[in-house]
Amino acid sequence: MIILAADIGGTTCKLGVMDERLEILHKWEIPTNKEQDGRHILKNIHESFQKNAQIKNYSMDEVKGIGLGVPGPIDFDNGVVNGAINLNWAGKKNIREEYEQLSGKPVYVDNDANVASLGEKFKGAGQNAKDVVCITLGTGVGGGIISNNELVHGYNGSGGELGHFKVDFKERFLCNCGHRGCLETVASATGVVNLAYHYYEELRFSTIIEDDIESRTLQAKQVFDAAKEGDEFSLYIIRKVSNYIAYALSVISVMSNPEYIIIGGGVSKAGDFLIDHIEERFQEITFKPAVEGTKIVTAKLGNDAGIIGAAGLIKQYVK
Ligand SMILES: [Zn+2]
């Protein structure tokens with residue numbers, strides 16, 4: 001048996017064919033056609049799968065199910081997507097039903113952050129442990145909580161929205177969600193830049209990145225690169241960012257006590273440097289029994305996490 005999976009994004013859909021151990025047999029991408037309220041997206045995906053089956057000589061009869069990752073809030077039990085702005089999907093759409101009718105196969109749908117977390121749990125840095133938390137530090141901050149092998153979805157599907165609880169009680173920066181002080185405002189790529197601008201104003205440190213601060217063209221990567229070169233101001237910013245992330249992880253740890261905390265996304269490319277700071281602070285402030293044996297690691301699968309996790313939904317739920 002094989003499993004098909006699609007990680008649907010605003011620009012491209014990543015498609016994959018996997019075996020039942022979630023090893024990737026084939027993977028490719030197609031552009032996401034968002035025209036006419038995104039109504040062609042599922043059809044395009046399915047046609048691409050059919051074409052691949054023809055070329056690679058397998059039959060759609062061998063397909064156990066199809067897993068989908070979607071950028072938007074999901075009612076997981078019913079497979080309903082409640083608005084996916086990046087795909088031009090407005091209002092509630094029963095994507096599971098629509099795709100089951102199109103394909104005649106069992107379909108499971110979850111949001112992109114959750115499927116990526118599941119991918120890392122199954123085949124990546126999570127070592128297939130039962131209790132895993134993923135936090136993705138990218139343009140925004142997303143995440144997923146896997147507790148006793150199950151993704152936490154919660155009552156409205158907001159379980160695991162790790163970017164949106166308050167860590168900056170001074171509420172200095174406005175979040176995309178409408179609140180102030182969310183983790184996303186101080187730990188995403190934008191958050192790193194927010195803090196750099198803020199502390200440069202406040203402290204007037206001299207720093208090698210001051211030209212980019214003055215001209216408001218600073219990128220998070222420059223802060224990390226400068227910190228690696230020993231720039232005091234940049235180190236100060238990274239410590240601030242690390243402290244916020246460590247605080248978030250300490251709260252999450254007394255909630256679900258994960259064995260692995262996986263840190264992914266562009267910001268995590270700062271590497272050991274960031275992880276070491278987070279780890280140190282996390283150890284200091286977290287309830288001791290909730291720290292014992294917990295490992296903070298960086299994500300391993302990169303862009304493949306989404307399709308592997310989406311296929312993981314089929315492995316887990318289609319018997
Ligand atoms: Zn927020």
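Glu-171 lies in the loop between strand 11 (150-151) and helix 5. Helices (H or I, at least four residues) and strands (E, at least two) are DSSP runs, numbered from the N terminus. The model is a predicted one, in which local features need pLDDT of at least 70 and side-chain atom pairs count only at pLDDT 80 or more, while totals for chains, interfaces and linings use all residues. Residues are numbered from 1 along each chain as its sequence is written, and side-chain values use heavy atoms, with hydrogens and water left out.

Let us stay with Glu-171 for a moment. Its phi is near 50°, a positive value in a residue other than glycine. Most residues other than glycine have a negative phi. Glu-171 is partly exposed, because its relative accessible area is 32%; buried means under 20%, exposed over 50%, and partly exposed in between (1.4 Å probe, protein chains only). Further along, Arg-216 sits in the loop that runs between helix 7 (210-214) and helix 8. Arg-216 is not a glycine, yet it has a positive phi of about 55°. With 49% relative accessibility, Arg-216 also counts as partly exposed.

Now follow the chain into helix 8. How do helix 8 and helix 9 pack against each other? Helix 8 (residues 220-228) and helix 9 (residues 232-256) meet at an angle of about 115°, and their axes are 8 Å apart. Axes here are lines fitted to C-alpha atoms, for helices over the stretch in contact, and angles run from 0 to 180 degrees between N-to-C directions. Helix 8 makes a left-handed crossing with helix 9, a term used if the near helix is turned anticlockwise from the far one by less than a right angle. On the helix 8 side you will find Val-223, Phe-224, Ala-226 and Ala-227, which meet Ser-234, Leu-235, Ile-237 and Ile-238 of helix 9. Contact means heavy atoms within 4.5 Å. The residues of this contact are 7 nonpolar, 1 polar and no charged; Ala, Val, Leu, Ile, Met, Phe, Trp, Tyr, Cys and Pro count as nonpolar, Asp, Glu, Lys and Arg as charged, and the others, Gly among them, as polar.

Ile-237 leads us on to the largest nonpolar core, which has 47 residues; Leu-137, Ile-237, Leu-249, Ile-263 and Leu-274 touch the most other members. Such a core is a set of buried Ala, Val, Leu, Ile, Met, Phe, Trp, Tyr and Cys residues joined through side-chain atoms within 4.5 Å. Two or more residues come from each of several elements, including strand 9 (132-137), strand 10 (141-147), helix 6 (189-203), strand 12 (260-264) and helix 10 (272-285). Which element gives the most to this core? That is helix 9, with 11 residues. Leaving out residues up to four places away in sequence, Ile-237 touches Val-192, Leu-195, Ala-196, Tyr-199 and Val-223. Apart from this core lies another, of 27 residues, among them Leu-15, Phe-49, Tyr-99 and Val-109.

Leu-195, one of the partners of Ile-237, belongs to helix 6. Leu-195 is buried, because its relative accessible area is 0%. Besides Ile-237, the contacts of Leu-195 beyond four places in sequence include Arg-172, Phe-173, Val-186, Lys-240, Val-241 and Tyr-244.

Back in helix 9, look for Ile-245. Is Ile-245 buried or exposed? At 0% relative accessibility, Ile-245 counts as buried. Setting aside residues up to four places away, Ile-245 touches Leu-137, Leu-183, Ala-187 and Ile-278. Ser-253 is also found in helix 9, and with 2% relative accessibility Ser-253 counts as buried. Beyond its neighbours within four places in sequence, Ser-253 is in contact with Pro-258, Ile-261, Phe-282, Thr-286 and Ala-290.

Arg-281 lies in helix 10 and is partly exposed, at 30% relative accessibility. Not counting residues up to four places away in sequence, Arg-281 touches Asn-243 and Ala-246. From C-alpha to C-alpha, Arg-281 is 9.4 Å from Tyr-244, with the two 37 residues apart in sequence.

Helix 11 is mostly covered, with 11 of its 13 residues buried. Among them are Ile-307, Ile-308, Leu-313, Ile-314 and Gln-316.
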